[in-house]
Amino acid sequence: MDADPGSVLRADGQSDDHRSRRGALQQAEDGTIRGDAVRLVNPEDRLNDWLAIAQFTVIDNGNNRRPDVVVFLNGLPVGVIEVKKPGAETATLGAAVNRLQTCKSQIPLLFRAHAVLVTTDGLQACTGSLTADPERFMP
């Protein structure tokens, strides 16, 4: 996959379509092709499978990165959380946002089904979208 940010944005837009719509699943049975509609996300939240994994390793285009926390919804990575150590001199929300920007450029496959980015220094937290500049991350 091309690591240019535009490709991440295009892929993310395609994911939005898949999350909100039904898809078609086709399979061959007895020599005939049959289909059915499937949803990647169930509108009844209790029927969805949520999972958060710390230090999840992603390798994309030879780049090996380990975001602090990746949140999965039904197996799709929909959120990335960058956590900085409270009290550390370099543990700023700005540094956390910069780390997320690095991840977006180096491991774009992680962001194909993106929904939210979160940064925290242990005392404060901010959220932003895939396209948010650092100053657009809000508490």
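Cys126 is buried, at 9% relative accessible area, where buried stands for under 20%, exposed for over 50% and partly exposed for the range in between (1.4 Å probe, protein chains only). Cys103 is buried as well, with a relative accessible area of 0%. A disulfide is a covalent bond between the sulfur atoms of two cysteines. With a disulfide taken as a pair of cysteine sulfur atoms within 2.5 Å, the count is zero. The model is predicted, so that local features need pLDDT of at least 70 and side-chain atom pairs pLDDT 80 or more, while totals for chains, interfaces and linings use all residues. Residues are numbered from 1 along each chain as its sequence is written, and side-chain values use heavy atoms, with hydrogens and water left out.

Side chains of opposite charge can pair when their charged atoms come close. Three salt bridges are present in the structure, each defined as a side-chain nitrogen of Lys or Arg within 4 Å of a carboxyl oxygen of Asp or Glu. One of them joins Arg46 to Glu44, at 3.1 Å from N to O. Arg46 is exposed, at 67% relative accessibility, and Glu44 is partly exposed, at 41%.

Glu82 is buried, at 2% relative accessibility. A salt bridge connects Glu82 with Lys84, their closest N and O atoms lying 3.4 Å apart. Glu82 also meets Arg99 in a salt bridge of 3.8 Å, N to O. This pair links distant parts of the chain, 17 residues apart: Glu82 belongs to strand β7 (residues 76-83) and Arg99 to helix α2 (residues 93-106). Helices (H or I, at least four residues) and strands (E, at least two) are DSSP runs, numbered from the N terminus. Arg99 is partly exposed, with a relative accessible area of 22%. Through shared partners, the salt bridges join Glu82, Lys84 and Arg99 into one network.

Asp121 is located in the loop between β8 (116-120) and β9 (125-128). Asp121 is buried but has no salt bridge, and the nearest side chain of opposite charge, Lys84, is 11 Å away; Lys and Arg count as positive and Asp and Glu as negative, while His and the chain ends are not counted. The side chain of Asp121 reaches the backbone nitrogen of Leu123 at 2.9 Å, and one of its polar atoms lies 2.8 Å from the backbone nitrogen of Gln124.

Asp60, in strand β4 (residues 58-60), is buried at 3% relative accessibility. Asp60 and Gln106 are separated by 46 residues in sequence and by 7.1 Å in space, C-alpha to C-alpha.

Notes
A polar contact is a pair of N or O atoms within 3.5 Å; within protein, one must be able to donate a hydrogen and the other to accept it, and residues adjacent in sequence count only if both atoms are side-chain atoms.
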